[in-house]
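Could you walk me through the aromatic pairs and the strand pairing in this protein? I would like the cut-offs spelled out too.

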Amino acid sequence: RARKFKPLHSSIEKNIKIVNKKFKNKIPEQKVDFVSKILLKIESLISINLISWFLIIFILVLNISIFMVIKMGKKKVILYLLFFSLLLSVFASATHLYRNQKQSNHNLAVIIEPNSHLRSGPGDDNTVLFTVYPGLEVKIMEKSREWVQISAFSEIAGWIERDSLTVI
């Protein structure tokens, strides 16, 4: 969960190394290329609240520049202001939507119960496929009452009780 909000924070990686010593299923290390690392660093430095404030300011400047074009005519400086404020407003809007979607994405979870059984279908009467251990990160595929269909790797998928995992 912490990686979602601060992807490159050093203390998070230290904590994951400590946790990996305790669990059978290791939390995978995050391998990031140079460009992605820079983008994640920028993303962790700029909060969504700051992006919201920038968006409000850019839209305000856009409205002022539209008003100036209407009142003062199509002067070169005013048209440049209009163009750049429109461009910045679109960029800030897209960034804001992306960050909101990323933070509200609740399809990842971690197994928290020891010796949880992964079954072929929702319900105790279905065949046990695997036993999964705490710390395994899974992707939520579908939900059915108290059961959740999960996928851990491309080869492992099945149903598990909702209480056996926590959403991250």
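Here is a short tour of the aromatic rings and then of the strands.

This is a predicted model, in which local features need pLDDT of at least 70, side-chain atom pairs count only at pLDDT 80 or more, and totals for chains, interfaces and linings use all residues. Residues are numbered from 1 along each chain as its sequence is written, and side-chain values use heavy atoms, with hydrogens and water left out.

**Aromatic pairs**

Searching the whole structure turns up two aromatic pairs. Rings of Phe, Tyr and Trp (its six-membered ring) pair if their centres lie within 6.5 Å; planes under 30 degrees apart are stacked, over 60 edge-to-face, and the rest tilted.

| Pair | Centre to centre | Angle between planes | Type |
|---|---|---|---|
| Phe54 and Phe58 | 5.9 Å | 10 degrees | stacked |
| Phe83 and Phe84 | 5.4 Å | 65 degrees | edge-to-face |

Phe54 and Phe58 sit four residues apart, about one turn, in helix α4 (residues 48–72). Helices (H or I, at least four residues) and strands (E, at least two) are DSSP runs, numbered from the N terminus. Phe83 is partly exposed at 47% relative accessibility, and Phe84 is partly exposed at 46%. Here buried means under 20% relative accessible area, exposed over 50%, and partly exposed in between (1.4 Å probe, protein chains only).

**Strands**

Strand β5 (residues 147–151) has four of its five residues buried. Two strands pair if DSSP finds at least two bridges between them. Strand β4 (residues 137–144) runs antiparallel to β5, joined by five bridges, and Lys139 stands opposite Ser151 in β5. The two strands form a hairpin with two residues between them, where Arg145 in the turn has a positive phi of about 55 degrees. β5 also pairs with strand β6 (residues 157–161), antiparallel over five bridges, with Ser151 opposite Ala157 in β6.
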